Amino acid sequence: MFTFAQYLGFLLFLTILTIGFWLMMFLINFVFYWIFGATRELLKERKEKRELEQA
């Protein structure tokens, strides 16, 4: 059977795994948000530049 130390080790492993998973999800979402915002700003700048050239 399992000892108490093994049980604590397993809980520690699950805790670290869960924290790592949610940190990875946060960072991935942050990167996608950053890319989306940068792309949106680039398209907005191109549109304004095109409108100034036509006027």
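The following legends describe views of a predicted model of one protein chain. Local features require pLDDT of at least 70 and side-chain atom pairs pLDDT 80 or more, whereas totals for chains, interfaces and linings use all residues. Residues are numbered from 1 along each chain as its sequence is written, and side-chain values use heavy atoms, without hydrogens and water.

**View 1. Overall form of the protein chain.** The protein chain contains one helix and zero strands (DSSP runs of H or I with at least four residues, and of E with at least two, numbered from the N terminus). Its radius of gyration, 24 Å, is well over the 10 Å given by the globule rule for 55 residues, so the chain is more spread out than a compact globule (C-alpha atoms; the rule is 2.2 Å times the number of residues to the power 0.38). The C-alpha trace spans about 80 × 10 × 5 Å along its principal axes.

**View 2. Thr3 and the segment before α1.** Thr3 is found in the segment before α1. Thr3 is partly exposed, with a relative accessible area of 44% (buried is under 20%, exposed over 50%, partly exposed in between; 1.4 Å probe, protein chains only). Between Thr3 and Trp34, 31 residues apart in sequence, the C-alpha to C-alpha distance is 47 Å. Of the 55 residues of the protein chain, 0% count as buried.

**View 3. Arg46 in helix α1.** Arg46 lies in helix α1, which covers residues 4-54. Arg46, Lys47, Lys49 and Arg50 form a surface patch of positive charge (residues with over 30% relative accessible area and no salt bridge, like charges being joined within 9 Å; a salt bridge places a side-chain nitrogen of Lys or Arg within 4 Å of a carboxyl oxygen of Asp or Glu).

Note on methods: Patch = residues over 30% accessible without salt bridge, like charges linked within 9 Å, V, L, I, M, F, W, Y side chains within 5 Å. Areas by Shrake-Rupley, 256 points an atom, 1.4 Å probe, with all protein chains shown as cover. Lys, Arg positive; Asp, Glu negative; His and termini not counted. Charge placed at Lys NZ, Arg CZ, Asp CG, Glu CD.
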